[in-house]
Amino acid sequence: MRRSDQTIFALSTGRPPSAIAVVRMSGPQAGAALQSLAGKMPSSRTAARVLLRDSVGEPIDDAVVLWFPSPASATGEDVAEFHVHGSRAVLAALFTVLSRIENVRAAEPGEFTRRAFENGKLDLTEAEGLDDLIHADTDRQRRQALRQLTGLLGDKARAWRQQIIDAAALIEVGIDFSDEGDVSDELVAPALARVRILLGEIEDALAAAGRSERLRDGLVVAIAGPPNVGKSTLMNHLARREVAIVSPHAGTTRDIIEVQLDLDGFPVTLIDTAGIRETIDPIEQEGVRRARARAAEADLVLWLSDAESGQMPEQGPTPVWRVRSKVDLGEPDIEALEPDDVTPVFRISARRGDGIAELIAAIVRFAQDYFGAGETALITRERQRALLRETSDSLRRSLDVVALGDELIAEELRRAAMSLGRLLGRVDVEDILDVIFREFCIGK
């Protein structure tokens with residue numbers, strides 16, 4: 001990121017052409033730029049229709065403008081918004097005028113949000129929630145991201161940190177007045193009682209998280225099996241569009257095909273793999289190798305076979321469901337298809353659609369169990385999990401060193417507060433800020 005004393009601008013809506021485009025400015029020159037282009041200063045937080053003009057008085061566009069003086073703005077700085085017609089010509093003319101103003105430049109990805117973070121408008125967990133909201137593909141991802149943006153984890157972490165600081169203060173007072181008889185014991189005991197309660201709450205959050213952060217990335221379901229059993233047809237049926245080539249010739253699918261699905265609000269990545277068989281074709285051999293590797297990495301494997309195909313692979317750590325295809329061509333071997341406690345069995349006709357609805361419903365139930373309380377869990381990222389684990393470890397050590405002296409207790413509590421401060425982005429996080437904010441789109 002560049003110097004924060006410069007004023008930045010960017011298109012905050014989608015790519016042109018569009019009916020309306022919103023261009024935002026943030027920084028000390030925002031007010032002067034707005035007055036120069038609009039010819040007047042609108043009232044704060046009140047939309048005003050104006051004719052924007054360049055520096056020589058040539059009209060740019062009939063627009064609506066808004067003025068948000070600091071500190072009551074999204075970034076904490078002076079912010080101006082130009083709501084213009086979303087043609088490329090209008091935006092090019094507006095950007096040309098803005099870029100010619102001294103100390104005004106185009107924004108970098110995530111710079112508006114970073115300025116909001118640096119000015120205390122949101123903490124790092126809320127910034128991560130905003131990034132997740134921007135990239136949300138399903139309704140459940142949207143709800144989870146919105147909870148983080150509105151302080152689901154941040155508010156909790158701030159409360160925990162304050163309680164740790166209060167407990168540490170009691171320990172420090174006990175150290176200062178250790179020569180006053182029972183004063184130290186009277187202060188340390190309630191402090192440790194607070195620590196035990198806090199430790200239980202944080203451990204509960206870590207335990208409840210489980211796979212909740214996976215809701216951001218989605219469930220990976222691989223369709224695997226021998227060649228020519230209908231894997232690509234099933235893929236197209238589940239995706240409700242032609243994403244894979246369907247052919248009666250075995251070995252048509254040579255590489256991995258992926259498609260993103262929204263199943264009842266759960267994000268699912270569906271993978272169609274090459275048919276698994278022994279072959280001398282080097283290209284098909286590579287496809288089979290990739291199919292085996294991708295299936296091993298999936299969260300769920302649908303093993304597709306017909307009445308004439310071979311046996312299932314050995315059961316590994318990834319759940320595998322047997323799916324008997326082409327049931328419209330004849331009755332399968334019922335005895336061979338009896339389900340067991342580990343491997344569910346489904347009978348489908350990908351061509352006619354028989355059994356597809358039941359298979360989709362089962363995948364949705366699997367996703368519900370897999371994600372658990374994902375969208376209501378506090379933790380959604382590995383960074384958050386790691387720092388809460390550091391906090392928990394420090395609190396646990398503070399209880400373990402009670403017999404060794406109050407100074408060691410106080411040191412562990414300081415470490416716990418520091419970990420929560422890093423979670424919120426308030427201490428010692430400069431090395432990760434660029435990594436987080438550069439993932440944002442320009443204009444955010």
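Strands E1 and E2 make a hairpin, with 6 residues between them; strands here are DSSP runs of E, at least two residues long, and helices are runs of H or I of at least four, both numbered from the N terminus. The model is predicted, so to speak of local features takes pLDDT of at least 70 and side-chain atom pairs count only at pLDDT 80 or more, while totals for chains, interfaces and linings use all residues. Residues are numbered from 1 along each chain as its sequence is written, and side-chain values use heavy atoms, with hydrogens and water left out.

E1 (residues 7-11) and E2 (residues 18-26) pair antiparallel over 4 bridges, pairing being at least two DSSP bridges between two strands. E1 also runs parallel to E6 (residues 104-106), joined by 3 bridges. Phe 9 stands opposite Met 25 in E2 and opposite Ala 106 in E6. All 5 of the 5 residues of E1 are buried, so the strand is largely enclosed by the rest of the structure. Buried means under 20% relative accessible area, exposed over 50% and partly exposed in between (1.4 Å probe, protein chains only). Thr 7, Phe 9 and Leu 11 point one way from E1, with Ile 8 and Ala 10 pointing the other.

Elsewhere, the largest nonpolar core has 31 residues, of which Leu 302 and Trp 321 touch the most other members. Such a core is a set of buried Ala, Val, Leu, Ile, Met, Phe, Trp, Tyr and Cys residues joined through side-chain atoms within 4.5 Å. Another core, of 30 residues, lies apart from it and includes Ile 202 and Val 401.
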